[in-house]
Amino acid sequence: QLSNKLALVTGSTSGIGKGIAETLLKEGAEVIVNGRTEERVNNLVEELSSLGKVHGIVADLSKADESEKLVDEVKNLGNLDILINNMGMFEVKAFEEVTDEEWMTYFQTNVVSAVRLSRQFLPEMLARDTGRVLNIASEAGVKPLAQMIPYSVTKSSLISLSRGLAEMTKGTNVTVNSVLPGPTWTDGVAAFMKGAAAEEGKDLEKFTEDYFKDNEPTSLIQRFATVEEVASTVTFLASPLSSAINGSAQRVEGGIIRS
Ligand code: NAD
C-alpha cells in the first residue's frame, strides 16, 4: 500500500511512535524516525532496518532551531508524503501546581512542534496534490482529565489544529486527521501499572481489571489497547485506502466515549 511513500514519525524511539514506524515499514513506506538522543535513534534505525528503508534524525522538536534542522534533513531525503506528529509529553499534576512556564512547555511540545512541521510540509503536499498529515492526540482531548489538564488542553488543541488544516485541503487529495488513543499498553504505561500493582500487593491482571472498573467504567473493551491496534489505525489513515476520511478525529479508545 505504501511503497514509494516517504513518512516521518516524530518521537518514535518508544511506544506508539515506534509501533507506527514499524507498521509503516511493513506496508512498504520509507520511514524517518526521530528522537532526542543519537544513541536511541541509532539503535532504533538498526533494529528496524530489516523491515525496510529507515532513516534517523535526532532533534528536540519542541525547539524551533532543531525543528528547522530536521526539516532540512527531511527535504534532502525527498518529498514527504506522510507526516505523523506523534511526540508528546504528559504528567499527572494538580492544576493549581502547574506554572506558566510548564504550560508553555506543554504547548511547545504537544502543539507548536506539530504546527511548525505542518507549516513546512502541508503547503508542499497541497502543491503536489498528495499527502497525509496525522496528529496523535488523545481521548483526553475530548474528555479532559482533572489531574492532567495541560495535557488535555493541548490534545484538544491538536484536534482543532487538524480540523483547521483539513479545511485548507478542500478539493485536493491531501487529508489531515487526528487519532485519539485511549489507554494504550506502552513500556511506560506497563512500568507505571506494574509499580502501582506491586504497591497494592495485587497481581498485574487483577490490578488492571480493577483499574478499568474504577477509572474507565465506560470502556467497552475493559483493557488497554495494544500499540499495534493504535498503529494499524494510523497506518490505515496514512494509506490511500482512507481517501474519503478528512478532518476527522478517529478514536481508538475501546468505546470509552460514546456520543
Ligand atoms: P512515549 O513516552 O513512549 O512516547 C512519546 C515520545 O515522544 C517519546 O519517544 C519521547 O522521547 C518523544 N518526545 C517527547 N518530547 C519530545 C521532543 N521535545 N522532541 C522529540 N521527541 C519527543 O509515550 P506514548 O504513549 O507512545 O505516546 C505517543 C503519543 O501517543 C503521545 O502524543 C501521547 O500523548 C499519545 N497518547 C498515548 C496514550 C497512552 O496510553 N500511551 C494515550 C493517548 C495518547
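Predicted model: local features only at pLDDT ≥ 70, side-chain atom pairs only at ≥ 80, totals over all residues.

A polar contact is a pair of N or O atoms within 3.5 Å.

**Contacts and burial of the ligand**

- At I16, a backbone N or O atom lies 2.7 Å from an oxygen atom of the ligand.
- For N86, a distance of 2.7 Å likewise separates a backbone N or O atom from an oxygen atom of the ligand.

**The shell around the ligand**

- The ligand is surrounded by 26 residues, of which S14, I16, D60, N86 and Y151 are the closest.
- Sorted by class, the shell comprises 13 polar, 10 nonpolar and three charged residues.
- Two helices, α1 (15-26) and α5 (149-167), each contribute at least two residues to this shell.

**Aromatic pairs**

- Six aromatic pairs are present in the structure.
- The rings of Y211 and F212 are an edge-to-face pair, because their planes stand at 80° with the centres 5.5 Å apart, and planes over 60 degrees apart count as edge-to-face.
- Y211 and F212 also belong to one aromatic cluster together with W185 and F224.
- F212 counts as buried, because its relative accessibility is 1%.
- Y211 counts as partly exposed, with a relative accessibility of 23%.

Technical notes: Residues numbered from 1 in each chain as written. Heavy atoms only, no water. Near = heavy atom within 4 Å. Polar contact = N/O pair within 3.5 Å; in protein donor to acceptor, adjacent residues only side chain to side chain. Helix = DSSP H or I, 4+ residues; strand = E, 2+ residues; numbered from the N terminus. Nonpolar A, V, L, I, M, F, W, Y, C, P; charged D, E, K, R; others polar. Phe/Tyr/Trp six-rings, centres within 6.5 Å; stacked < 30°, edge-to-face > 60°. Buried < 20%, exposed > 50% of the residue type's maximum accessible area, 1.4 Å probe, protein only.
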